[in-house]
Amino acid sequence: MSDDGRLSIGELAEHAGVTVKTVRFYSDRGLLPEAARSAGGHRRYGPEAIDRLRLIRSLRTLDLPVTDIDRVLDREDALEDVIAGQLKELGSQLAAMRWRQAALHLLRDCTAEERADRLRVIGTVAAPPDTAALARFWRRVLPVRLPARMVSWILDAAVPQPPADPTPAQVLAFARLHALATAPCPPGHGWRPPAPERDPEYRPAVLYDGLGEAYQLVAPALRTGRAPHEGEALDCFVSAYAGAHGARDTPAFRRRLSLRLDRSAHPVMDLYWQLAAELATPLEPTLGAAQDWLRTALDTNLSEQHA
């Protein structure tokens, strides 16, 4: 140490427990300002550089980028933001690794005949996947006149989120769901989104508003495994369709509604909800499960009327 208390680059490295090369690296990037230069042009640092260098080293052990370290050194309140950003990034990386691990198990634990098809399907999905394609699918299916708030809750309920720690089966289910949603026309079905209603009385917002209420009412029965039955949920379900078409809930309307629902059912949507169910939890029944429960309750109700 010189008479003025300044440290040479070697002395600073020794006090902080790092190499001279490390001190020079951080100094060259502006993280460790020099206090002065010696007569021979050698770097000199003030005593405070020891603590600063130790802080830099501690931050680097967390793999923080140099740019983030620079922010922390310049602003005391920046560390919290940097930590939050790093945790978010690590969360994404861990999710990707868990997804890749499950996908590799999926490929390892199948027959040679299955492997090519599974590899093709899962190869179209990023790791971790996003749900943008599924949201676009529903925007094509839903009526164009629905209010934005209604579209939002339907998308939230109808689009399953990729599990944070998926099983191999869930990776396959999500990949197949993605393939179903992105196919121009599902093979063998000739399916297109349903044509707009021609009934001038039809009010889609009334229908979906009522269906949302009916699905909430039936959720407890789905969670407990209770069989479809008459009650408030079914009445709300039928009233949603009746109100959307300017009709009344009568036995005749219920018969027409049952036939209408049978005609509008399609294997593509059945497959969608089957795959979505593999990604759901027992506490979060799908809209498809709610619709099936209510349709069965309606048919049961009609059967009992004719018994």
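A: Here is a tour of some of the salt bridges, pair by pair. Keep in mind that this is a predicted model. The count comes to 12 salt bridges.

Let's start with R43 and D28, whose closest N and O atoms sit 3.0 Å apart. R43 belongs to strand β3 (residues 43-45) and D28 to helix α2 (residues 20-28), so this pair ties together parts that are 15 residues apart in sequence. R43 has a relative accessibility of 15%, and that makes it buried, because the cut-off for buried is under 20%.

Now hop over to helix α6, which covers residues 112-122. Here R118 and E114 pair up in a salt bridge, at 3.8 Å from N to O. These two are 4 residues apart in the helix, about one turn. What about their surroundings? R118 is buried, at 14% relative accessible area, whereas E114 is partly exposed, at 34%.

Helix α6 also holds D117 and R120, 3 residues apart and so separated by about one helical turn. Their side chains meet in a salt bridge too, with 2.5 Å between N and O. D117 is partly exposed, its relative accessible area being 34%. R120 comes in at 53% relative accessibility, so it counts as exposed.

One more thing, back where we began: D28 and R43 are part of a network that also takes in E34 and R37, joined by salt bridges that share partners.

How values were computed: Residues numbered from 1 in each chain as written. Predicted model: local features only at pLDDT ≥ 70, side-chain atom pairs only at ≥ 80, totals over all residues. Heavy atoms only, no water. Salt bridge = Lys/Arg side-chain N within 4 Å of Asp/Glu carboxyl O. Buried < 20%, exposed > 50% of the residue type's maximum accessible area, 1.4 Å probe, protein only.
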